[in-house]
Amino acid sequence: VLKSLVDERACFLPFFWMCVFFWRRVSATLTHLSTVICHQELHAVLKSLSSAVAHHDARIAALVAKLRDSETALTDALDLVKPRLAAMTRANTAVIDVDDIVAYAGRISAAVAAPPGWDPSMPLGNYLPPAPPEEMMRAGRLAALGLADAGAAAAGGEGKAEGAEMRAKAEGEKEGKEED
């Protein structure tokens, strides 16, 4: 009887140790499997975050492009205004004598207004048509300031086209008045 128990136990022990071995392997596999699942979840989160970052990078690039365009537009506008601001500053600091203004008004009064009590059916007499002649316009302070601005713009490389346009416009208006 004892021998039969020892034989049964002898057969049972290897099976027991095999079960223990397999149980340890299954438990190690389950631990590794939970680690793999955790890594897969983290990979999915990283993938969604990288796509969100790519989307935001594209939006930032578009905003940077708009910002550069706005900067260029503002710089161009400022470049156009700088000569005008300089002319305004010079005009504000320039001292003009009231006597000069009164004398100038007296010189052009015959050209800018009809004589007192003038009847449109009567001739003008000593008065000029109600526009100053070209010589008076060229001799005035306004023309001098215009020439100074044109010289400053030409020194800066700008304003040549604007000056040509203004001259063409003035000549067109002059021809239109002559035709009337």
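**Figure 1. Confidence across the predicted model.** This protein is a predicted model, and its pLDDT averages 76. A score of at least 70 is reached by 61% of the residues. Which helix has the highest confidence, and which the lowest? Helix H1 has the highest, at a mean of 86. Helix H5, residues 160-179, has the lowest, at a mean of 55. Where pLDDT is low, the predicted coordinates should not be read in detail.

**Figure 2. The helices in order.** The protein has five helices and zero strands. Read from the N terminus, the order of elements is α-α-α-α-α. Helix H1 spans residues 2-93.

**Figure 3. Surface and contacts of the protein.** How much of the protein is buried? Buried residues make up 4% of its 180 residues.

**Figure 4. A nonpolar patch on the surface.** Which residues form this patch? They are Val-26, Leu-30, Leu-33 and Ile-37. Together they have about 350 Å² of accessible area.

**Figure 5. Close-up of Val-26.** Val-26 sits in helix H1 and belongs to the nonpolar patch. Why does Val-26 count as partly exposed? Its relative accessibility is 43%. Partly exposed covers the range between buried, under 20%, and exposed, over 50%, so Val-26 falls in that class.

Technical notes:
Residues are numbered from 1 along each chain as its sequence is written. This is a predicted model: local features need pLDDT of at least 70, side-chain atom pairs count only at pLDDT 80 or more; totals for chains, interfaces and linings use all residues. Side-chain values use heavy atoms; hydrogens and water are left out. Helices (H or I, at least four residues) and strands (E, at least two) are DSSP runs, numbered from the N terminus. Buried means under 20% relative accessible area, exposed over 50%, partly exposed in between (1.4 Å probe, protein chains only). Patches are made of residues with over 30% relative accessible area and no salt bridge: like charges are joined within 9 Å, nonpolar side chains (Val, Leu, Ile, Met, Phe, Trp, Tyr) within 5 Å. Accessible areas come from the Shrake-Rupley method with a 1.4 Å probe; for residues, only the protein chains shown count as cover. A salt bridge is a side-chain nitrogen of Lys or Arg within 4 Å of a carboxyl oxygen of Asp or Glu. pLDDT is the predictor's confidence in each residue, from 0 to 100.
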